[in-house]
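Here are a few notes to read alongside the structure.

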Amino acid sequence: KKTIDQTEVQDKTVLMRVDFNVPLNEQNEITDDRRIRMALPSIRSVIDRGGVVILMSHLGRPTGGAGDEKFSLAPAATRLGELLDSPVHFAKDTVGEDAQAKAAGLKAGEVLVLENLRFNAGEKKGDAEFAGKLAALADVYCNDAFGTCHREDASMVAVPQAMDGKPRVVGHLVAKEIQYLSDAISNPKRPFVAILGGAKVSDKINVINNLLGICDAILIGGAMAYTFSLAQGGQVGGSLVEKDKVDLAKELLAKSNGKLHLPVDTHCGDDFGNIAGCNKKVVAAGEIPEGMEGLDIGPETAKQYAEIIKGAKTVVWNGPMGVFEKPPMDAGTRAVAEAVADSDAVSIIGGGDSAAAVEQLGFADRVSHVSTGGGASLAMLEGKAFAAVDLLDEA
Ligand code: 3PG
């Protein structure tokens with residue numbers, strides 16, 4: 001695809017879709033600004049060459065009711081100003097008077113952030129009239145919102161469609177993310193090992209289905225392992241399970257061909273609300289007693305998984321192995337993170353919880369790539385195409 005660097009931007013207005021859907025605490029402070037930092041190369045590419053940038057993003061899932069103020073993009077605009085070390089304008093709406101006036105007043109090298117796109121119902125609906133008003137603000141469209149590439153919201157699809165005839169290009173972050181993930185999927189160095197964790201099998205069924213045809217081994221951890229355990233007739237005690245997914249888990253096991261690896265032991269406890277203080281023990285997988293629940297993979301599983309990861313040449317990882325925020329249930333995730341960091345494989349960490357785990361445990365700079373996309377990276381692992389990227393101009 002044609003990139004923003006390959007696009008003439010001097011004295012032009014670039015409407016750039018970014019994913020500034022960042023976590024905020026109760027005081028409305030940004031707790032992780034990685035998605036904003038990762039958008040800087042594309043923003044700088046425009047302002048350093050005398051263009052102006054209008055940034056648009058969603059934040060959270062506002063409902064249109066009371067309490068939506070907490071989804072304002074104002075804190076993100078302030079943080080961007082600090083990172084760029086220059087003032088960033090903020091419009092209190094997306095296509096209203098404030099946005100129109102501020103967009104019209106922009107000078108070369110300046111940046112304007114529009115308010116949360118999802119404050120307008122047209123965004124989720126892919127509304128053409130809303131999209132037309134956004135499109136009218138600019139001369140160039142740039143998609144640098146990797147985390148949102150699996151969505152077909154107005155700003156992702158209808159806006160670039162409305163700008164047909166004007167340049168519609170890809171940003172640095174989207175180009176880099178897609179390169180890493182598509183190289184891994186279409187041309188992996190082998191052995192290719194996938195590590196899948198997290199709470200729900202339902203989120204990962206399509207990923208497992210697709211990866212069974214591509215990977216050499218799939219290592220399963222997190223609460224979704226207990227649904228697999230149930231499918232094998234195991235005792236799971238009070239563990240988190242999806243009973244309605246047991247048949248699907250059985251189907252996946254039946255076609256696994258030895259590629260699907262399940263935990264051999266489980267670290268369980270009797271009080272999720274008080275993990276540090278509760279009774280804990282390691283049991284064989286499928287032998288979790290009543291009154292206890294699985295909270296992490298056990299040490300023998302961690303050892304076996306680390307051994308498999310050690311021999312890998314490509315690793316993709318999505319979802320933690322246990323309750324990594326609460327020691328000692330971080331041990332499984334930590335062991336896997338360490339093995340990934342130590343291996344010389346190309347290693348790609350999916351966004352969301354696994355990215356947070358790798359950062360929190362201090363391994364982020366020892367892996368090849370930490371994705372900014374949770375759902376988007378899973379969609380790529382499912383083998384899905386992105387309409388929002390397909391429609392951009394070819395190089
Ligand atoms: C994400 O955080 O995965 C993206 O920003 C997309 O958000 P969404 O799931 O609310 O569309």
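Is Asn 21 buried or exposed? Keep that in mind as you go through the points; point 1 takes it up.

1. Asn 21 first. This is a predicted model, and in it Asn 21 has 21 other C-beta atoms within 10 Å. The cut-off for a buried residue is 20 or more such atoms, so Asn 21 counts as buried. You will find Asn 21 in the loop between β1 and α1. Setting aside residues within four places in sequence, Asn 21 is in contact with Arg 35, Ser 57, His 58, Leu 59, Gly 60 and Gly 147.

2. Phe 20 counts as buried because 24 C-beta neighbours lie inside 10 Å. Beyond the residues up to four places away in sequence, Phe 20 touches Arg 35, Ile 36, Ser 57, Leu 59, Leu 73 and Ala 76.

3. Now for the annotation. An unreviewed UniProt entry places the feature "binding site" at Asp 19, Phe 20, Asn 21, Arg 35, His 58, Leu 59, Gly 60, Arg 61, Arg 118 and Arg 151. The contacts of Asn 21 include Arg 35, His 58, Leu 59 and Gly 60, while those of Phe 20 include Arg 35 and Leu 59.

4. Lys 204 sits in the loop between β7 (192-196) and α9 (205-212). Lys 204 is buried, since 25 other C-beta atoms lie within 10 Å, and its contacts outside the four places on either side in sequence are Leu 196, Gly 198 and Met 224. Gly 351 is in the loop between β16 (346-349) and α14 (353-360). Gly 351 is buried as well, with 23 other C-beta atoms within 10 Å. Apart from its neighbours within four places in sequence, Gly 351 is in contact with Gly 147, Ser 371, Thr 372, Gly 373, Gly 374 and Ser 377.

5. Stepping back to the domains: the chain is divided into domain 1 (4-175) and domain 2 (188-381). Their C-alpha centres lie 35 Å apart. The contact between them takes 10 residues from domain 1 and seven residues from domain 2. On the domain 1 side, four of the touching residues are nonpolar, three polar and three charged.

6. Finally, the chain as a whole. There are 16 helices and 17 strands, and the C-alpha trace spans about 65 × 45 × 35 Å along its principal axes. A compact globule of 395 residues would have a radius of gyration near 21 Å, and the 23 Å of this chain agrees with that. Buried residues make up 51% of the 395 residues. Of the contacts between residues at least 6 apart in sequence, 73% join residues at least 24 apart.

Definitions and conventions. Residues numbered from 1 in each chain as written. Predicted model: local features only at pLDDT ≥ 70, side-chain atom pairs only at ≥ 80, totals over all residues. Domains from an automatic or database assignment. Contact = placed C-beta atoms within 7 Å. Nonpolar A, V, L, I, M, F, W, Y, C, P; charged D, E, K, R; others polar. UniProt positions renumbered as here; feature names shortened; annotations may be inferred. Buried ≥ 20, exposed ≤ 12 C-beta atoms within 10 Å, placed from the backbone. Helix = DSSP H or I, 4+ residues; strand = E, 2+ residues; numbered from the N terminus. Rg over C-alpha atoms; globule rule 2.2 N^0.38 Å.
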